[in-house]
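Please open the structure in your viewer and keep the selection tool at hand. The stops below tell you what to select next and what can be found there.

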Amino acid sequence: MQFQQLLYFVAIAETRHFTRAAERVHVAQPSLSQQIKALERELGAELFSRARGNIALTDAGEALLPLARRILADADTARQEVQELAQLRRGRVRLGATPSMCTGLLPDVLRAFHAAHPGIELLIEESGSLDLVRELARGALDLALIVLPLPPSAPALTTVELLTEDLVVVSSAELPAPGEGGELTVSALRNEPMVMFRHGYDLRELTVAACRAEGFEPAFTVEGGEMDAVLGFVRAGLGVAVVPAMVGHGRPGLRTTPLAGSPLRRTIALAHRTDVAPPRAARELKRILVG
């Protein structure tokens, strides 16, 4: 049974005329008649009675008509669903981002994307870069804003560099400034108690590596938090933390101190799996992000 045969059958049932039905579906009348005969042979029953030029449905035709209409309606619905998705009227994007990106870059970008495509659902996963790489690998995200370079164990990802972030030291505004005030060097953190992110945050790995490069292990007073928790612990005076400048600046109760000497920086890139093309909506968001 072919879709086109059902379309011809319904046209005849509604017009009760082979020629008018052929005109409706834009096909030659002999071709329409041949397709109906083929359908009747496959079903093993006549669908129309043709007495004295009048076309009427047989019992088999009456039984088939509502089913055929339902099939055609479902096909039309499927066509509209796919067209809406292709034209970015519906769909979803699963985007992962580091906390600094969620508070800094993303709000304006997502506002522009939503204004252009209000029917697209945006699902945001906020986490550390290493966790986001794992989520990309298992197919849980379409796109992610991650930190370069990728770890050696990372899957094959396609990346586009977006920006470079400076890292700063945040401390409680109610306590004396760390070091001697002004700029800090990484080596000056040797004598500062630190609040540290949980494993899986690239900031943890970067900070620890920078301290070890200066010949010391950082001393943690609290560790294991997410971004908001770390900033809260710092505000309470439990220690200092190294965070992106866009996160630290302008936070009530926090002091921001630049890092001097060999300042710490990190490169943010937009990534997706190389072996899987992002959905149409995700490609559009990527276009806006890359700019």
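The model is a predicted one, in which local features need pLDDT of at least 70 and side-chain atom pairs count only at pLDDT 80 or more, while totals for chains, interfaces and linings use all residues. Residues are numbered from 1 along each chain as its sequence is written, and side-chain values use heavy atoms, with hydrogens and water left out. Helices (H or I, at least four residues) and strands (E, at least two) are DSSP runs, numbered from the N terminus.

**Where helices pack**

Two packed helices are described by the angle between their axes and the distance between the axes. Stay with H6 (residues 106-116) and H11 (residues 280-290), which pack at an angle of about 130 degrees with their axes 10 Å apart; the axes are lines fitted to C-alpha atoms over the stretch in contact, and angles run from 0 to 180 degrees between N-to-C directions. H6 is therefore oblique to H11, since angles under 35 degrees count as roughly parallel, over 145 as roughly antiparallel, 65 to 115 as roughly perpendicular and the rest as oblique. To see the contact (heavy atoms within 4.5 Å), show Leu 106, Val 109, Leu 110 and Phe 113 in H6, which meet Ala 281, Glu 284, Leu 285, Ile 288 and Leu 289 in H11.

Next select H1 and H3 (residues 29-43), whose axes come within 9 Å and cross at roughly 105 degrees, which means that H1 is roughly perpendicular to H3. Here Gln 5, Tyr 8, Phe 9 and Ile 12 in H1 meet several residues of H3, including Leu 32, Ile 36 and Leu 39.

The contact is made by Phe 18, Thr 19, Ala 21, Ala 22 and Val 25 of H2 together with Gln 29, Leu 32 and Ser 33 of H3.

**A residue in H1**

Now pick Thr 15, which lies in helix H1 (residues 3-15). Is Thr 15 buried or exposed? Thr 15 counts as buried because its relative accessibility is 17%, where buried means under 20% relative accessible area, exposed over 50% and partly exposed in between (1.4 Å probe, protein chains only). The side chain of Thr 15 reaches the backbone oxygen of His 17 at 3.0 Å, and, if residues up to four places away in sequence are not counted, Thr 15 touches Arg 20, Ala 21 and Arg 24.

**Strands and a loop**

Move on to strand E6 (residues 157-172), which pairs with strand E11 (residues 265-273) in the antiparallel sense over nine bridges; two strands pair if DSSP finds at least two bridges between them. Glu 161 stands opposite Ala 269 in E11. E6 also pairs with strand E10 (residues 254-258) in the antiparallel sense, over five bridges, and there Val 170 stands opposite Thr 256.

Finish at Gly 253, in the loop between helix H10 (245-248) and E10. Gly 253 is partly exposed, with a relative accessible area of 33%, and, not counting residues up to four places away in sequence, Gly 253 touches Ser 171, Ser 172, Ala 173 and Arg 235.

Technical notes
Polar contact = N/O pair within 3.5 Å; in protein donor to acceptor, adjacent residues only side chain to side chain.
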